[in-house]
Amino acid sequence: EGDLVLFGPDGVARCSDRGLTGKLGDAQHRGMLYLRGLGEGTILDVEDPVYGRIALEIRHIKTDVKTELRDGSPTFDIRTGVRLLMREASGNPAEGYTDSDLARIAGLASRAMNADMIDSIQAAGAAGSDVFGFYRYLRRGEPAYWQANSKNWHGLMAGASYGVRVDVQVDRLGN
């Protein structure tokens with residue numbers, strides 16, 4: 001029932017029962033992985049005028065999605081918890097950062113991941129492609145709505161509401 005994601009040599013394609021529905025850009029691909037609770041072992045780069053470029057390895061990611069109906073439309077509350085390991089920093093050795101520095105870096109990572117997730121949702125919704133499997137949460141949480149609207153889910157997905165929150169913890173090497 002959900003759309004497929006095909007990984008190819010020239011990018012990531014979205015497919016549905018109607019065929020190819022488009023491609024995911026790099027940020028949208030990352031967002032899709034985060035939304036599906038995937039991406040462990042990958043690197044997230046963030047840039048800051050104070051700290052420079054910082055490479056963070058995704059050590060653990062867990063995404064939880066809750067759904068409800070508001071004014072007759074589905075609303076998805078998406079919470080992602082991420083544990084990152086600082087791998088490389090252009091401006092300072094990782095062990096030189098204070099706890100407040102790490103909190104600032106966590107905020108940068110949270111905003112970057114949040115932006116990727118929202119971009120991915122918007123692009124897929126505009127194309128009528130549910131590469132995230134949101135239908136599963138709707139089917140489980142609002143079965144009557146799902147039964148009445150499942151045949152038109154791809155059209156309804158773009159009009160659904162999505163709230164995204166990313167909670168990040170950054171560890172230094174050795175933690």
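Modeller: Two strands pair if DSSP finds at least two bridges between them. Keep in mind that this model is predicted.

Colleague: What makes β4 and β5 a pair?

Modeller: Strand β4 (residues 43-48) and strand β5 (residues 52-70) share six bridges, in the antiparallel sense. The rule asks for at least two, so they pair. Asp 45 stands opposite Ala 55 in β5. A hairpin of three residues joins β4 to β5.

Colleague: Why is the contact of Asp 45 with Arg 53 called a salt bridge?

Modeller: Their closest N and O atoms are 2.9 Å apart. The cut-off is within 4 Å, so the contact counts as a salt bridge.

Colleague: What makes Glu 68 and Arg 70 a salt bridge?

Modeller: The N to O distance is 2.6 Å. That lies within 4 Å, so the pair qualifies. Glu 68 has 36% relative accessibility and Arg 70 has 47%. Both fall between 20% and 50%, so both are partly exposed. Elsewhere, salt bridges that share partners join Glu 57, Arg 59 and Arg 87 into one network.

Colleague: Which residues of helix α3 are buried?

Modeller: In α3 (residues 134-141), Phe 134, Tyr 135, Tyr 137 and Leu 138 are buried. They cover an arc of only 160° around the axis, so they lie on the same side of α3.

Colleague: What does Phe 134 touch?

Modeller: Its contacts include Phe 76, Ile 78 and Trp 153.

Terms used. Residues numbered from 1 in each chain as written. Predicted model: local features only at pLDDT ≥ 70, side-chain atom pairs only at ≥ 80, totals over all residues. Heavy atoms only, no water. Contact = heavy atoms within 4.5 Å. Helix = DSSP H or I, 4+ residues; strand = E, 2+ residues; numbered from the N terminus. Buried < 20%, exposed > 50% of the residue type's maximum accessible area, 1.4 Å probe, protein only. Arc of directions from axis to C-beta. Salt bridge = Lys/Arg side-chain N within 4 Å of Asp/Glu carboxyl O. Lists of a residue's contacts leave out its neighbours within four places in sequence.
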